[in-house]
Amino acid sequence: MTTLSDLNSSSDIGFVDLLHGIYEHSPWIAQRAAAARPFESITALKRALQHVLAQASPAEQLGLIRAHPELAGKAAIAGQLTAESTREQAKSGLNLCNPEEFSTLQRLNQDYNAKFGFPFILAVKGPTGAGLTRQDIITTFARRLKNRRADELAESLRQIKRIAELRLNDLLDVRLAFGPAIMQHAETLASWSDSAYNLTCAYMTLAHRQTADQLAEWMREAGMQVHIDAVGNVVGRYLSDEPGAKTLMTGSHYDTVRNGGKYDGRLGILLPIAVVRHLQQRGEKLPFHFEVVAFAEEEGVRFKSTFLGSTAVTGKFDLSLLEQRDAEGVSMRDALAAAGHDATAIAAIARDPADLLGYVEVHIEQGPVLLERDSPLGIVTAIAGSSRYLLKLGGLASHAGTTPMGMRRDAASAAAEIILLVEQRCSQGEALVGTVGQLHVPNGSVNVIAGACQLSLDIRAASDTVRQAAVDDILEGVAALCARRQIDVDIELLLSASAAPCAPWLMAQLGEAVESVGLEPYRLLSGAGHDAMAMAAITDVAMLFTRCGNGGISHNPLETMTADDADIAAHALLAFLRQFQPRTT
Ligand SMILES: [Zn+2]
């Protein structure tokens with residue numbers, strides 16, 4: 001077995017030789033990284049090799065990509081692969097393809113090479129290292145074939161880094177302490193779903209309650225004191241021995257959107273449970289109570305109202321929501337009663353801010369920023385505030401053939417102009433985005449000018465001033481263009497949520513923890529809302545983001561991350577807990 005100290009103490013030639021299988025037929029990567037020795041950790045070694053690759057010329061990068069074999073390609077059939085590639089392809093059963101799979105792969109290889117001029121590269125051992133299925137590989141292959149060349153080049157390099165990471169783990173016999181269990185638990189939770197075809201876990205359904213029970217069991221096994229509160233939050237407390245200890249809180253949500261991903265929300269519950277289990281196994285206590293809250297609801301799928309779990313904890317739960325009905329006409333009050341919850345106890349869930357030291361949430365990024373920076377972890381600076389509106393436009397429905405263009409009051413054309421206005425205005429602000437995600441022509445016909453049109457408007461920004469200025473400009477523009485087009489407009493405000501800045505003192509301590517695991521404390525904004533946003537009403541908050549694979553896609557079954565990233569995030573959280581100092585002022 002090779003060790004880090006072997007790598008640090010060998011000659012330059014010896015170093016390159018030990019790492020010869022890590023980057024396919026490309027010893028220059030290890031040659032250039034050799035000078036950066038000694039490496040303090042395997043993470044530092046990994047980052048140094050990745051840095052060489054990032055600094056290499058485009059021709060060198062393309063050369064590395066082209067040094068890889070096709071999947072189940074000619075070289076594989078002829079037995080000409082490197083030992084590493086042979087093992088990896090076999091792990092996914094690529095050597096066992098049936099004739100149909102084999103011919104599909106050959107066709108994909110051919111089309112891919114013809115389009116991009118290099119072979120398709122995929123870390124076939126996958127997010128956990130256990131190996132993707134042949135069907136996963138074929139589906140990914142077909143999907144990536146549609147990409148643009150520049151995006152595929154970047155993705156190929158990322159896959160190569162992932163392959164290298166897995167090969168280094170093998171070479172150095174790395175046993176991840178947390179990552180595999182976290183990934184396995186996310187997989188187990190994903191098996192409970194409201195749908196037979198995808199992952200959907202809506203508030204207070206059977207799948208939702210099974211998920212809660214499973215989380216409670218894992219929390220208990222990890223040594224926590226556990227209860228499920230009246231709104232369905234699963235609360236686990238790892239108690240301190242210190243008299244008068246206060247509580248540091250973490251958590252995230254366990255509900256999902258329809259057809260969602262396995263890690264959104266759940267990572268922020270499973271990861272701290274894994275860390276607490278580790279502390280408990282070592283008999284290690286913290287000088288504060290550490291509380292993991294699995295929030296019952298954040299996404300708003302069933303009752304069209306979000307943050308039900310965290311607003312109950314902050315005492316901001318709107319009790320009138322209990323009368324809200326789902327698509328089947330079941331009220332929230334009845335859904336809670338059917339699940340054995342006492343809705344009258346919800347008000348009592350509210351926590352005393354004086355008992356709280358802060359709230360820190362781990363969450364998958366749900367965007368491409370960390371992925372494109374090659375950073376496994378990031379520290380959130382603020383959660384963007386958002387404004388949501390429903391716009392109802394009224395024009396005049398009239399004959400598509402007989403109404404001259406200059407005499408129309410076309411609600412759909414007005415909507416189109418609004419969409420472009422939103423796009424144009426929101427391209428101009430710092431950390432500002434604007435989206436029209438719903439567009440509807442009620443009772444529209446192919447041969448009738450749209451007499452009505454409804455559209456949604458979602459505007460988010462890190463700064464409330466920037467957001468409000470954009471909202472003002474857009475609404476003013478809407479009024480002007482509707483007046484010009486003789487369109488009636490009705491504007492309904494659906495939501496206005498202030499930005500939640502993360503607490504600098506918590507960000508600084510998270511930053512030190514991230515540095516202590518060998519990574520730079522990169523900071524980024526969260527465009528998505530999170531439970532931390534609600535928690536900010538009663539305590540200081542911070543968030544740790546983990547890299548989101550597959551181009552940063554989330555709220556989608558393609559959402560993915562690696563066991564290695566989960567592992568390093570858990571080590572960062574552990575370091576954060578061990579070094580945690582309460583706010584002094
Ligand atoms: Zn989430």
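1. In this predicted model, a zinc ion is coordinated by the NE2 atom of His-253, an OD atom of Asp-264 and the NE2 atom of His-363, at 2.0 to 2.2 Å. Along the sequence, these donor residues follow the spacing H-x10-D-x98-H. Asp-264 and His-363 are 99 residues apart and so link distant parts of the chain.

2. Asp-264 belongs to the loop between strand 3 (247–253) and helix 13 (267–281), whereas His-363 is part of strand 5 (residues 356–364). Because its relative accessible area is 5%, under the cut-off of 20%, Asp-264 counts as buried. His-363 is likewise buried, at 1% relative accessibility.

3. A further histidine, His-68, is found in the loop between helix 5 (58–66) and helix 6 (74–77). Its relative accessible area is 9%, so His-68 is classed as buried. A polar atom of the His-68 side chain lies 2.9 Å from the backbone oxygen of Leu-64. Leaving aside residues up to four places away in sequence, His-68 touches Glu-24, Pro-119, Ile-121 and Ile-160.

4. Which residues of helix 9 are buried? In this helix (residues 134–144), they are Ile-137, Ile-138, Thr-140, Phe-141 and Arg-144. Viewed down the axis of helix 9, the buried residues fall within an arc of 165° and therefore line one face of the helix. Their cover includes helix 8 (99–116) and helix 10 (149–171).

How values were computed
Residues numbered from 1 in each chain as written. Predicted model: local features only at pLDDT ≥ 70, side-chain atom pairs only at ≥ 80, totals over all residues. Heavy atoms only, no water. Helix = DSSP H or I, 4+ residues; strand = E, 2+ residues; numbered from the N terminus. Buried < 20%, exposed > 50% of the residue type's maximum accessible area, 1.4 Å probe, protein only. Polar contact = N/O pair within 3.5 Å; in protein donor to acceptor, adjacent residues only side chain to side chain. Contact = heavy atoms within 4.5 Å. Donors = N, O, S within 2.8 Å, 3.2 Å for Na, K, Ca; no water. Arc of directions from axis to C-beta.
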